[in-house]
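User: I am new to this structure and would like to learn how to read its strands and its pocket. Please take me through one feature at a time.

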Amino acid sequence: MTLVGTAATVVLLRDGADGLEVLLLERPRHTGTFAGAWVFPGGRVDPEDYAAAGSLPPDLRAEPRSPAEDVPAARIAGARETVEETGLVLEPDALVELSCWVPPLQAPKRLRTWFFLAPAPDGEIRLNPGELIDSAWLTPDAALELHRGGKMLLVAPTFVTLTLLQQFPNAAAALAVAAASAPETYSSRLLDGYEPDAVIAWHGDEEYPADGAGRPGSRHRLVMRGSDWRYERS
């Protein structure tokens, strides 16, 4: 199944009493994309976002382009979706590239999604009715613990991003490292033969497809059994 578009996700950061905090939003439990999951603000990149960035959407381009050329439009979409979903106003230039996520072939809706970090602006959160039902500022540790306890449903990109953010003591440190680093691409592949676990692998794992397989014994995967998830990377 081919990719059907591009999306943007914004990880808002602030410093709380216990360290770095992120904003998570709860989707309605019985309908819509990621029903019942806690996610970061974001959504699909629209043709208007490409127009605002001075470019054409992929399906209107005469020549194929690098996925990275979609970043300006994704940055605009991320700021737009953030204000639509939370009422918090961001300047697109404040968004710092973090990663790019490509869903596995089995996913019912395949959107290449750019993840950005951004410092949280001042303002009161006003959730978009019908699209979101709750919000919370949490440390990555607290969010992951709620997930493992079955009290907060996360999806794989959110879980991995929170795991990676555990290393940073504050928002400034996370933003500085992201700004100085190339965004990593997570092109996801589901591995067979691990039932009852579900296992997603990425480049560098020993079982990733042959065009990018890692060294024997190397790990870059998410192992999921119920709410007991483990991100393994060697």
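This is a predicted model: local features need pLDDT of at least 70, side-chain atom pairs count only at pLDDT 80 or more; totals for chains, interfaces and linings use all residues.

Analyst: Start with a pairing: strand β1 (residues 6–16) and strand β6 (residues 112–119) are parallel partners, joined by eight bridges.

User: Which strands pair with β1 in the antiparallel sense?

Analyst: Strand β4 (residues 42–44) does, over three bridges; there, alanine 7 stands opposite arginine 44. Strand β2 (residues 19–26) also runs antiparallel to β1, with four bridges. Leucine 13 has valine 22 of β2 as its bridge partner.

User: How many residues lie between β1 and β2 in their hairpin?

Analyst: Two residues separate the strands of that hairpin.

User: Is β1 mostly covered or mostly exposed?

Analyst: In general, side chains in a regular strand alternate between the two faces of the sheet. In this case, β1 is mostly covered, with eight of its 11 residues buried. Buried here means under 20% relative accessible area.

User: What is the volume of the largest pocket, and which residues are closest to its centre?

Analyst: The volume is about 940 Å³. Thr33, Phe34, Lys109, Leu111 and Thr113 are the closest to the centre, out of 37 lining residues. Elements giving two or more residues to the lining include β1, β4 and β6.

User: How do the lining residues divide by type?

Analyst: The lining of the largest pocket has 22 nonpolar, 11 polar and four charged residues.

Key
Residues are numbered from 1 along each chain as its sequence is written. Side-chain values use heavy atoms; hydrogens and water are left out. Buried means under 20% relative accessible area, exposed over 50%, partly exposed in between (1.4 Å probe, protein chains only). Two strands pair if DSSP finds at least two bridges between them. On a 1 Å grid over the protein atoms alone, a cavity is a set of points where a 1.4 Å probe fits but cannot get out, and a pocket is an open set with protein on both sides within 12 Å along at least five of seven lines; lining residues have an atom within 4 Å of a point. Grid points are joined across faces, edges and corners, and a volume is the space filled by probe spheres set on the points. Ala, Val, Leu, Ile, Met, Phe, Trp, Tyr, Cys and Pro count as nonpolar, Asp, Glu, Lys and Arg as charged, and the others, Gly among them, as polar.
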